[in-house]
Amino acid sequence: MVVKLDHIGIAVSDLAESLKVYTDMLGLELHGTETVEEQKVKTAFLPVGDTEIELLQTTAPDGPIGKFIEAKGQGIQHIAFKVEDIEAALAELKAKGVRLIDEKPRYGAGGARIAFLHPKATGGVLIELCQKD
Ligand code: ZN
């Protein structure tokens, strides 16, 4: 089902400040930023080898990243696996009785189609599936 680790999502309070860690400190290159209104989030992607770091800053206190930081502080928020066919992957997981946050794919940064599995079904890890065509 899963093809590769697509990216690691990190919740940050201040995108510009956190970008310095990955660019100035670690030498990664910023691939681009995008605001996803539906998720109330501003994202920045930094490719590293075959995967990417995704920094996420909330655009509203009641957004998922705002709530995450309020509860847990900054840090790794989710890991994302690339799948070839997200509809098929969700159907397969549903058939296995896996609890999902998203029964249907939604729009993610970079035009990807994404869906989250419920952390209660994965041992506490928020797992995102993403399909990039
Ligand atoms: Zn993500």
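Which residue stands opposite Glu-128 in β8? I looked it up, and Ala-80 is the one opposite Glu-128.

**Ground rules.** I am working with a predicted model, where local features need pLDDT of at least 70, side-chain atom pairs count only at pLDDT 80 or more, and totals for chains, interfaces and linings use all residues. Residues are numbered from 1 along each chain as its sequence is written, and side-chain values use heavy atoms, with hydrogens and water left out.

**Entry 1, the zinc.** I checked what holds the zinc ion: His-7 (NE2), Glu-54 (OE), His-78 (NE2) and Glu-128 (OE) coordinate it at 2.1 to 2.2 Å. Donors here are N, O and S atoms within 2.8 Å of the metal (3.2 Å for Na, K and Ca), and water is not among the atoms, so sites may look incomplete. Along the chain the donors are spaced H-x46-E-x23-H-x49-E. Glu-54 in strand β4 (residues 51-58) and His-78 in strand β5 (residues 75-83) are 24 residues apart, a pair that links distant parts of the chain. I noted both Glu-54 and His-78 as buried, meaning under 20% relative accessible area, with exposed over 50% and partly exposed in between (1.4 Å probe, protein chains only).

What is the geometry of the site of the zinc ion? I get irregular, with angles of 83 to 166 degrees among the four donor atoms. For the record, four donors count as tetrahedral if all angles lie between 85 and 135 degrees; four count as square planar and six as octahedral if opposite donors are over 155 degrees apart and all others between 65 and 115; anything else is irregular.

**Entry 2, the sheet.** I traced eight strands in an open, mixed sheet, in the order β2-β3-β4-β1-β5-β8-β7-β6. Strands (E, at least two residues) and helices (H or I, at least four) are DSSP runs numbered from the N terminus, and two strands pair if DSSP finds at least two bridges between them. β2 (32-36) and β6 (106-107) are at the edges with a single partner strand each, so one side of each has no neighbour in the sheet.

Strand β1 (residues 2-11) runs antiparallel to β5 over eight bridges, with Val-2 opposite Val-83. β1 also runs parallel to β4 over five bridges, and there I found the zinc donor His-7 opposite Glu-52.

Strand β8 (residues 127-131) pairs with β5 in the parallel sense over four bridges. With β7 the pairing is antiparallel, over four bridges, and Arg-113 stands opposite Gln-131. Five of the five residues of β8 are buried, so the strand is largely enclosed by the rest of the structure. Ile-127, Leu-129 and Gln-131 point one way, Glu-128 and Cys-130 the other.

Which residues of α3 are buried? I listed Ile-86, Ala-89, Leu-90 and Leu-93.

Last, I looked at Asp-24 in helix α1 (residues 15-25). Asp-24 is exposed, at 63% relative accessible area.
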